[in-house]
Each structure stands twice: as structure tokens, then as C-alpha cells.
Amino acid sequence: MDPRRNRFLASLSGAAVDRPPVWLMRQAGRYLPGYREVRKAHGFWDVCHTPELSTRVALEPLERYPLDAAIVFSDILTVPEALGLGVTFGPGEGPRLERTLRSQSDLAAWKVEGVVSRLGFVSNAVKHLATTLNGSHGILGFSGAPFTLFAYAVEGGGSDDFATARTLLHRDPVLAEKALATLADVSAEYLEAQFQAGADVVQIFDTWGGLLDRADYVKFCVPAIRRITDPLRAKGRKVLLFVRGGAHLMPVLGETGADGFSLDWRTDWREARQRFPRSILQGNLDPLLLMAGNDVVRAKTRDLLKTIAEADGSKLSIVNLGHGIHKDTPPDAVAAMVSEVTGHA
Ligand code: CP3
């Protein structure tokens with residue numbers, strides 16, 4: 001097995017490593033010229049649905065940087081799209097959902113039957129990526145967390161505070177719990193299909209979970225995430241959980257049953273390691289650091305490596321950003337960060 005995939009798998013299992021592996025959330029995307037080229041000729045969903053295009057886009061960061069893992073090219077909003085909510089990405093704006101979730105009848109209209117087979121294009125993309133890589137790199141599959149998908153479904157698009165979604169959660173908790181359970185059960189099957197297609201690990205993106213207080217996270221999100229982690233863990237699968245803005249939720253994240261936590265940039269690595277001595281930790285440089293010049297990128301990456309070496313002896317640790325890479329990131333800043341981890345010039 002290639003040393004990169006080997007190192008990535010070793011970190012997931014807690015084995016000794018020569019250095020922590022590195023990959024970046026949203027490493028394939030608009031900051032890369034090759035991706036922008038592909039998008040000139042193809043719609044976003046067409047890229048996701050065409051294994052050759054999705055693999056081409058997923059490989060671009062691996063060709064540019066000595067990363068240890070690839071993430072399948074897809075989106076968290078595949079699930080609402082497959083449920084029939086009509087998801088589009090307009091030029092220069094966030095996602096739009098044609099049909100929102102506001103009432104019991106909206107939920108009843110979700111096309112749950114056959115949803116996982118309609119998501120088969122994502123497993124096909126994982127399979128194509130795995131065949132192409134042939135063991136050279138680790139492979140991540142992913143899904144959105146139930147609450148984050150609920151938030152988009154209720155709001156009908158992006159938002160700073162997801163006010164409509166949070167209001168609905170409080171106003172009609174029974175509807176919210178039903179929707180969260182449905183999203184969770186679909187996600188559990190969807191992620192298992194990605195494992196069967198060749199993913200080594202999956203990450204659940206709870207991009208908006210940090211908007212909730214701890215009690216509501218325990219009431220609504222933890223049980224929904226457990227509906228995903230329980231069946232996957234029973235099969236020996238490994239699951240990482242990223243909760244953006246989740247520092248205040250650290251005391252309860254252990255209850256989610258995740259094998260590891262992707263830390264946002266505001267979460268203290270040492271505190272997280274004290275709390276979770278046997279979990280995988282990943283993160284957590286501020287993505288905006290990559291726009292501040294390469295000297296500071298290198299210095300901050302070295303600081304993180306030192307923390308990781310001191311706190312964990314580099315075991316069970318993966319270097320990453322604390323959120324997805326920003327679209328205006330200069331590609332050579334990524335080169336600076338990654339080479340600081342790998343020791344290549
Ligand atoms: O390398 C990779 O990680 C690419 C795969 C990937 C995408 N989206 C591709 C994408 C992943 C892992 C995601 C996750 C995702 N999608 C999240 C969670 C991570 C996070 O950033 O918090 C969220 C919230 C979304 C929802 C979403 N999809 C938004 C808000 C947008 C619009 C703009 C943007 O990029 O943030 C998308 C579209 C999208 N998904 C693009 C890409 C490359 C841009 C589409 C385009 O080409 O215009």
C-alpha cells in the first residue's frame with residue numbers, strides 16, 4: 001500500500017505514524033483553476049453525476065499537493081435534492097431549494113422511497129475515484145448532518161443565522177424530530193453505500209450545528225447523529241464529525257458515537273485532546289490564514305504540528321483546516337501549508 005493511504009489509515013486506527021496525515025476540507029473547488037475550467041463547460045450537478053468529471057475534480061488537489069487523502073466530489077445537498085426539494089446553485093450565490101419544509105404536509109411530500117438508489121451516483125463517484133487511485137491515497141465519503149440538512153430544507157437556502165429553521169425547531173419540535181430522523185436514516189444508508197464503494201472513512205458535516213445551544217444539540221442533534229453512527233459502527237465503519245462553531249458543544253459531542261472530531265478553528269486542540277484521549281482529532285487552522293501570506297501560513301502550521309506532537313505524539317491526529325477552504329485562497333498558500341506538514345520543499 002502506498003505510504004499516503006497507509007499513513008491515513010494508521011491515524012484513523014491510532015497506530016504510530018511518521019507524521020500526521022494532511023488533507024483539506026473542500027480541497028477540490030473554486031480556488032483551483034482546473035475546477036473553474038470544468039465548471040465553465042458543465043453544471044455543478046453534472047460534475048457530481050459524471051464519475052469521470054467528479055474524479056477529475058477530486059484529483060486536482062492531489063496532483064498539486066502531497067496530500068494523504070482524497071474526498072469524493074459531491075455536495076451535502078445531494079440528500080435534499082434526492083428527496084425532491086429541488087436544489088440549485090446559482091452563479092455567485094449560495095444554494096436555493098425550491099420546496100421548503102414548514103409543515104407536516106411538506107414533510108409528507110418528501111420522496112423517501114427509493115432515495116438511496118437515486119443517490120447511487122455518489123457511490124459510483126466513490127467507486128470511480130477508488131479505482132483510479134488504486135490505493136495511493138485515503139478516501140473520504142461524506143454527508144451533511146441531519147440538523148444542517150434540516151436547516152437548509154426549512155430556510156430554502158443559505159443564511160447567517162437560519163432563523164426560520166431555528167424557530168421551527170422550537171415551535172414544532174415533533175415535526176423537527178420526525179424530519180431529523182428521516183434525514184438521519186437516509187444518511188446512514190447513503191454513507192454505508194459510500195463505504196461499500198470504497199470510502200475508508202466518512203465525515204458528517206454539521207456546518208450549522210453550532211447555532212444551537214448545548215441542550216438543544218443534545219435534544220435534537222445527538223439522537224439523529226446516533227441513528228447514523230450506531231448502524232455504521234455495528235459494521236466497524238469509522239465516522240468523523242465536524243461541527244462548525246462547536247466549541248461550546250464539546251462536552252456532549254462524545255454522545256454522538258463518532259470515532260473522531262474535526263475541530264473548528266475556535267476549538268482548542270489541547271482541550272479537545274484532554275477530553276477525547278482515544279478519538280481521532282482533525283483540524284484546525286483558520287482557513288483565512290491561507291490569505292495572510294505564506295510566512296504566517298508556515299509559522300502557524302508549525303505551531304499546530306508542535307501542539308499535535310506534544311498533545312498526542314501525533315497519533316490519532318489529522319492536519320486540516322478548521323472549516324472549508326475559502327474560494328479566494330491562493331493555491332500556493334495551500335502548497336506552503338501542506339509542505340510544512342510533509343517536509344517536502
Ligand atoms: O473537495 C471537496 O471537499 C469538494 C466536495 C464538497 C463540496 N461541498 C463541493 C461544492 C464538500 C465536502 C461540500 C460540503 C458542503 N456543501 C458543506 C459543508 C462544508 C462547509 O463548507 O461547511 C456545505 C454547507 C455545502 C453546501 C453548499 N454547496 C454551499 C453553501 C455551496 C455554495 C457555495 C460554496 O462553495 O460554499 C455549495 C456548492 C458547492 N459545493 C461548490 C462546490 C465546489 C461550488 C459550486 C460551484 O461550482 O459554483
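**Entry 1. Charges over rings**

I looked up Arg266 and found it over the face of Trp265, at 4.0 Å from the ring centre. I applied the criterion that NZ of Lys or CZ of Arg is within 6 Å of the ring centre and within 35 degrees of the ring normal. I also recorded Arg244, which lies over the face of Trp208 at 4.6 Å from the ring centre.

**Entry 2. Basis of the entries**

I note that this is a predicted model, in which local features need pLDDT of at least 70 and side-chain atom pairs count only at pLDDT 80 or more, whereas totals for chains, interfaces and linings use all residues. Residues are numbered from 1 along each chain as its sequence is written, and side-chain values use heavy atoms, with hydrogens and water left out.

**Entry 3. Aromatic pairs**

I found 11 aromatic pairs in the structure. Rings of Phe, Tyr and Trp (its six-membered ring) were taken to pair if their centres lie within 6.5 Å; planes under 30 degrees apart count as stacked, over 60 as edge-to-face and the rest as tilted. One of the pairs is Phe44 with Phe73, edge-to-face, at 5.7 Å centre to centre and 70° between the planes. This pair links distant parts of the chain, 29 residues apart: Phe44 is in helix H3 (residues 44-49), and Phe73 is in the loop between strand E1 (69-71) and helix H5 (78-82). Helices (H or I, at least four residues) and strands (E, at least two) are DSSP runs, numbered from the N terminus.

I recorded both Phe44 and Phe73 as buried. Buried means under 20% relative accessible area, exposed over 50%, and partly exposed in between (1.4 Å probe, protein chains only). Phe44 and Phe73 belong to one aromatic cluster with Tyr35, Trp45 and Phe89.

**Entry 4. Ligand surroundings**

I listed 21 residues around the ligand, of which Arg30, Tyr35, Arg39, Asp75 and His323 come nearest; a residue is near a molecule or strand if one of its heavy atoms lies within 4 Å of it. A polar side-chain atom of Tyr35 lies 2.5 Å from an oxygen atom of the ligand. For Arg39, a polar side-chain atom lies 2.6 Å from a ligand oxygen atom. Gln27 places a backbone N or O atom 3.2 Å from an oxygen atom of the ligand.

**Entry 5. Arg273**

I located Arg273 in helix H14 (residues 269-275). Arg273 counts as buried because its relative accessible area is 7%. Its side chain makes polar contacts with the side chains of Asp312 (2.5 Å) and Ser317 (3.4 Å). A polar contact is a pair of N or O atoms within 3.5 Å; within protein, one must be able to donate a hydrogen and the other to accept it, and residues adjacent in sequence count only if both atoms are side-chain atoms. Beyond four places in sequence, Arg273 touches several residues, including Arg278, Leu281 and Lys315 (contact means heavy atoms within 4.5 Å).

**Entry 6. Two loop residues**

I placed Thr207 in the loop between strand E5 (201-206) and helix H12 (214-234). Thr207 is buried, at a relative accessible area of 14%. Not counting residues up to four places away in sequence, Thr207 touches Thr148, Phe242, Arg244 and His323.

I placed Gly324 in the loop between strand E9 (317-321) and helix H16 (331-342). Gly324 is buried, with a relative accessible area of 13%. With neighbours within four places in sequence left aside, Gly324 is in contact with Met25, Arg26 and Pro287.

**Entry 7. Cysteines**

I searched the whole structure and found 0 disulfides, a disulfide being a pair of cysteine sulfur atoms within 2.5 Å. Cys48 is buried at a relative accessible area of 1%, and Cys221 is buried at 2%.
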